[in-house]
Amino acid sequence: MNEHPLYLDGNALAGPLGEVFTTDPTTAWRLCPACRLPATLAQLHVYGPEPGLTARCPGCAAVALRVVTQPGHLWLQLGSGAGAFRFSRPHDRVRNPG
Amino acid sequence: MGSLSPGFHGRTRAFEGRLPPGQYPTESFPVLSAGPTPHVPTDRWSFTVTTERGETRSWTWDEMMALPQEEPTVDIHCVTRWSKFDTRWRGVSLDVFLDEVDSSSEHVVAESFDGYTTNLPREDVTGGKAWLAHAYDGYALSPDHGGPARLVVPHLYFWKSAKWIKGIILTPDDEPGFWESAGYHGYGDPWREQRYWSD
């Protein structure tokens, strides 16, 4: 049996976040509030893709952000208590009326 | 996607009425995780119920194993669209734990050793509808499937069945958990396709 789960690097965020950011978010730096480690989004450890992408600090595994995609929408939650932002996905042809 | 085999269709028909809308049956048991797999030795494991007043009642592994055991065989449904029929678990009904505390809260939050949380109505984890499971298909539950013990709430999407569970917190208000606060539905009924917040 595989030793689950394996994580991806933060470049896995480029596709989904590229739908809602006009600049490449993977080169942005994040200073971890838990362990103080600075890291670019591309260096984060990303688990998923289902049911969503969970990006964690490579130093202490604290949750940096979560991305949930659904037809027509993308949810982005930064950190743990910031609330989730729901973006429309302009290039997704299946629209959710909600 | 390629075409489906006749056997696949046959099996679907055999389980007619048991497959919620938008789901497909699978024989495998996919592993989904939102972080590193915690490895919790049973001699350091405990399960704690916390009331809205902060009162706690805890069980060690041996105490939990000495409680009345049940062996539910249930269908499970993942929000990522796979369903798995007749999964066999062994564990303790959550009724046994919640009967031991005095609480009027109508909501609970299940909390895991890795920090994962999920919220459920209290009535959905009582009345013989939810278990703390420590064995699957006759074997001790492996860490990648949530061992040493996980929540099993088969009538809701499986993200509600928290892996690596360490406790239940009774809360007066509904408090969205890890996925519920990031776009997924607060309740998660597979028969009503309650996948996302607005479903």
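Where in chain A is the place of A:Ala61? A:Ala61 sits in the loop between β5 and β6 of chain A, and strands here are DSSP runs of E, at least two residues long, numbered from the N terminus. Its phi is near 70 degrees, a positive value in a residue other than glycine.

Hello everyone, a few ground rules before we go on. This is a predicted model, where local features need pLDDT of at least 70 and side-chain atom pairs count only at pLDDT 80 or more, while totals for chains, interfaces and linings use all residues. Residues are numbered from 1 along each chain as its sequence is written, chains are lettered from A and ligands numbered from 1 in the order in which they are written, and side-chain values use heavy atoms, leaving out hydrogens and water.

Let's turn to the loop between β4 (45-47) and β5 of chain A, the place of A:Pro49. A:Gly48 and A:Pro49 are joined by a cis peptide bond, with omega about 10 degrees. A:Pro51 is found in that loop too, and a cis peptide bond links it to A:Glu50, with omega about 0 degrees.

Now, how do the two chains meet? In contact, meaning heavy atoms within 4.5 Å, are 26 residues of chain A and 22 residues of chain B. The area buried between them is about 2,000 Å², with 60% from carbon and sulfur atoms; that is accessible area (1.4 Å probe) lost on putting the two parts together, summed over both. On the chain A side, the elements giving two or more residues are β5 (53-56), β6 (63-70), β7 (73-78) and β8 (84-88). The largest share, 5 residues, comes from β6(A).

Finally, the whole structure has 1 cavity of 30 Å³ or more, a cavity being a set of points where a 1.4 Å probe fits but cannot get out. Of its 19 lining residues, B:Leu32, B:Arg150, B:Phe158, B:Trp159 and B:Lys163 lie nearest its centre.

Methods
1 Å grid on protein atoms, 1.4 Å probe; cavity = no way out; pocket = protein on both sides within 12 Å on 5 of 7 lines; lining within 4 Å. Points joined across faces, edges and corners; volume = space filled by probe spheres on them. Helix = DSSP H or I, 4+ residues; strand = E, 2+ residues; numbered from the N terminus.
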